[in-house]
Amino acid sequence: MQFSGKPQVLRRVSQVPSVLAFSQTAPDANRFGESIRILLRWKGSVYKAIWKDLLVYYALYYLLTILHNFVLGDDGKKAFMVLAKYCLRNSNSINLMIMLSFFTSTALQRLFTVQTMIPGTAKVITFYVMSLKPNLPEGPIIVEQFARWTVIAWILTFRVVCKPLRTMFPNMISLQVAGIIREKERLILERVETEHNTTPRALVVIDWMILLLKETSIHNRFTEKSNHLKSLDVVMSFKKSCGNTIKFATKNIPYALIQAAIIVVYTYGLMTLMARNFDDADSAGFMTGIVNYFPIIPSLQFFVFLVWLNFGRIAVNPFGTDEDDIDVKLLLETHIQDSYRLANLYAQDLESVFGAMPQKQYNEAPSS
């Protein structure tokens with residue numbers, strides 16, 4: 001398969017997808033000490049996601065402590081203690097569990113839906129290649145055309161929902177420079193936007209694929225006439241997946257829900273910054289004073305809620321730049337490589353891969 005020029009996006013990756021998948025396999029729960037290893041992991045960890053928030057939390061806590069002990073006068077200390085007792089009494093009145101449970105369950109349900117609707121290109125290309133009559137002079141040309149349009153439709157779909165891919169290909173010119181689309185195709189796609197056509201560009205490219213199926217049927221290039229409708233069904237399923245993925249970008253989780261979860265968690269954090277039990281410190285002495293200087297329990301509670309909040313926020317945008325997000329750039333490289341490999345199947349057979357096969361004598365025997 002030949003794109004217009006050598007696609008610059010197709011580059012050697014540090015690990016092939018199969019090796020990468022093997023290295024990211026879930027750890028063995030029965031292995032001794034595996035839980036400790038997981039807790040000590042830094043890459044992709046909750047610690048890496050929230051360490052800055054915790055650093056700010058402890059810095060503010062000790063600034064308030066210094067303010068109370070060394071800056072405020074007697075009246076100021078009394079006001080501080082009244083406010084601290086008020087925060088202590090009401091810090092547990094905020095029902096974070098309900099809010100965060102609703103937020104994270106909504107985000108995870110949406111994440112699961114997005115992952116299941118991600119369109120693939122292999123089935124579409126393979127079905128078309130295998131449906132054509134063998135040894136057509138124009139076969140490699142139309143196969144290359146169909147496979148390339150499939151990849152273009154995939155790219156244009158994920159440019160809508162994936163900021164890293166949109167940064168990689170900010171416009172149609174960048175796709176042409178990368179060798180993915182041709183000049184005439186670029187002009188048609190740009191004209192779609194200038195004519196204020198609301199049809200997504202990815203669906204326009206899929207229309208080209210449908211027209212190519214029609215031309216293939218008219219010129220009797222399918223091995224069977226029914227292959228036209230079967231191929232059309234596969235393309236329409238691909239179109240539906242692309243359309244659903246695009247809807248993902250326009251029907252996001254309401255920002256009000258995300259803001260509400262953020263406000264509640266950080267309000268709780270601000271209240272625990274002030275919450276101090278001065279009465280117990282006076283009566284119990286040293287130990288309670290230490291607890292007030294080192295807010296282990298309040299910070300652990302805030303830590304758990306903050307982790308929960310960040311997990312939900314990551315799930316809201318699975319195509320971002322976080323380490324746990326879906327690597328769309330790697331998916332793109334994989335789809336381009338697959339399009340080369342699958343399109344080349346048209347001109348190949350088993351003998352071109354293995355040489356003479358044991359069943360060759362039966363293949364060449366005349367049928368009775």
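Where is the place of P295? Select P295 and look in the loop between α15 (286-293) and α16 (296-316). Helix names here follow DSSP runs (H or I, at least four residues), numbered from the N terminus.

Before going on, note that this is a predicted model, in which local features need pLDDT of at least 70 and side-chain atom pairs count only at pLDDT 80 or more, while totals for chains, interfaces and linings use all residues. Residues are numbered from 1 along each chain as its sequence is written, and side-chain values use heavy atoms, with hydrogens and water left out.

**Stop 1: around P295**

Stay with P295: is this residue buried or exposed? P295 is buried, with a relative accessible area of 3%; buried means under 20% relative accessible area, exposed over 50%, and partly exposed in between (1.4 Å probe, protein chains only). Touching, or contact, means heavy atoms within 4.5 Å. Y62 is 233 residues from P295 in sequence, yet their C-alpha atoms are 9.9 Å apart in space.

**Stop 2: the largest nonpolar core**

Next, select Y128 and F319. Of the 55 residues in the largest nonpolar core, these two touch the most other members. Such a core is a set of buried Ala, Val, Leu, Ile, Met, Phe, Trp, Tyr and Cys residues joined through side-chain atoms within 4.5 Å. Helices supplying at least two residues each include α6 (122-131), α7 (139-161) and α12 (226-250). Which helix gives the largest share? That is α7, with 13 residues.

Zoom in on F319 and show its neighbours: not counting residues up to four places away in sequence, they include V114, F158, P164 and F248. Then colour L96, I258, V265 and Y268, which are among the 23 residues of a second, separate core.

**Stop 3: α6 against α7**

Show α6 and α7 together. Their axes come within 10 Å and cross at roughly 165°, with axes being lines fitted to C-alpha atoms over the stretch in contact and angles running from 0 to 180 degrees between N-to-C directions. The two helices are therefore roughly antiparallel, a label for angles over 145 degrees. On the α6 side, pick V124, I125, Y128 and V129; on the α7 side, I142, V143, F146, A147 and T150 make the contact.

**Stop 4: a stretch from the record**

Finally, select 146-162, one of the spans that an unreviewed UniProt entry lists as "transmembrane region"; such annotations may be inferred rather than shown by experiment. In the model, this span is 94% helix and 0% strand, and its end C-alpha atoms lie 24 Å apart.

Notes:
Parallel < 35°, antiparallel > 145°, perpendicular 65-115°, else oblique.
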